[in-house]
Amino acid sequence: MGFMDDIRITGDPVLEAVCEPVERIDDDIRELADSMLATMYEADGCGLAAPQVGVLKRLVVIDVDWGHGDKNPFVLINPQIVEASEETRPYGEGCLSFPGVTVEIERPRHVVVQATDLNGDLLQYDAADSLLAVCLQHEIDHLDGRTLLDHLGPMGRMRVKQQVRKAIAEGAKPGDVSSPSERG
Ligand code: NI
């Protein structure tokens with residue numbers, strides 16, 4: 001079946017909403033995490049946030065090893081950035097909600113993130129100068145209603161919106177990017 005049909009595309013107001021914390025890890029949350037991982041793998045992405053499948057909960061899935069042969073899924077519930085470096089670096093980012101585009105975004109090069117996993121354990125992720133460092137920040141942005149567009153000025157936003165419209169008109173699907181990069 002096609003989970004990818006569930007992915008919300010930029011312009012959908014659900015992508016601009018602030019998500020609610022997950023209060024209890026129950027079967028609904030476990031099923032949501034499972035279906036989000038299936039959707040992410042089907043779309044060949046390295047990260048997916050719950051609002052991207054229309055659910056306004058603070059839950060993201062990430063797998064930055066996918067594509068290198070091994071699956072190493074992370075499920076982050078109520079993730080929080082507890083440390084971010086002042087030093088930034090640019091990275092060409094894709095997003096499953098922005099088919100066909102890659103956007104260079106400048107973000108802190110080092111972050112420390114705390115999140116609960118599906119067992120209810122609090123885990124810490126420490127990442128610098130890596131796809132994981134970028135992906136953590138990109139996915140947590142989604143939980144606060146922020147997308148790639150919020151990192152751009154008016155001209156950049158217009159350009160990216162046009163690129164997405166054109167790519168979709170040409171048949172681009174979530175996970176398609178204009179150049180090699182990660183996809184979240
Ligand atoms: Ni994204």
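Colleague: What should I know before I start?

Modeller: The model is predicted, so local features need pLDDT of at least 70 and side-chain atom pairs count only at pLDDT 80 or more, while totals for chains, interfaces and linings use all residues. Residues are numbered from 1 along each chain as its sequence is written, and side-chain values use heavy atoms, with hydrogens and water left out.

Colleague: How do I read the sheet, and what is the order of its strands?

Modeller: Start with the terms. Helices (H or I, at least four residues) and strands (E, at least two) are DSSP runs, numbered from the N terminus. Two strands pair if DSSP finds at least two bridges between them. Here, five strands make an open sheet in the order S1-S2-S3-S6-S7, with antiparallel pairing. S1 (47-49) and S7 (122-128) are the edge strands, each pairing on one side only. On average, neighbouring strands of this sheet are turned by 40 degrees against each other, direction ignored. For such angles, axes are lines fitted to C-alpha atoms, for helices over the stretch in contact, and the values run from 0 to 180 degrees between N-to-C directions.

Colleague: Which residues stand opposite each other around S6?

Modeller: In a regular strand the side chains alternate between the two faces of the sheet. As for partners, S3 (residues 74-84) pairs with S6 (residues 110-116) over five bridges, in the antiparallel sense. Ile77 stands opposite Thr116 in S6, and Ile81 has Val113 as its bridge partner there. Val113 in turn has Tyr125 in S7 as a bridge partner. S6 and S7 pair over seven bridges, also antiparallel, and they form a hairpin with five residues between them. Look for Gly120 in that turn, with a positive phi of about 85 degrees.

Colleague: Why is S6 described as largely enclosed?

Modeller: Buried means under 20% relative accessible area, exposed means over 50%, and partly exposed is in between (1.4 Å probe, protein chains only). Five of the seven residues of S6 are buried, so the rest of the structure largely encloses this strand.

Colleague: Where do the helices lie?

Modeller: Contact means heavy atoms within 4.5 Å. H1 (residues 27-42) lies across S1, S2 (59-62) and S3, at about 40 degrees to S2. H2 (residues 131-143) packs on the sheet and touches S1, S2, S3, S6 and S7, its direction making about 155 degrees with that of S2.

Colleague: Is Asp141 buried or exposed?

Modeller: Asp141, found in helix H2, is buried, with a relative accessible area of 6%. Leaving aside neighbours within four places in sequence, Asp141 is in contact with Arg107, Arg146 and His151.

Colleague: And what does Phe98 touch?

Modeller: Phe98 is in the loop between S4 and S5, and is buried, with a relative accessible area of 1%. Not counting residues up to four places away in sequence, Phe98 touches several residues, including Thr10, Leu148, Val160 and Asp176. Phe98 and Arg165 are 67 residues apart in sequence, yet 9.2 Å apart in space, C-alpha to C-alpha.

Colleague: Which elements supply the lining of the largest cavity?

Modeller: S4 (88-94), S5 (103-108) and H2 each supply at least two lining residues, and S4 gives the largest share, four residues.
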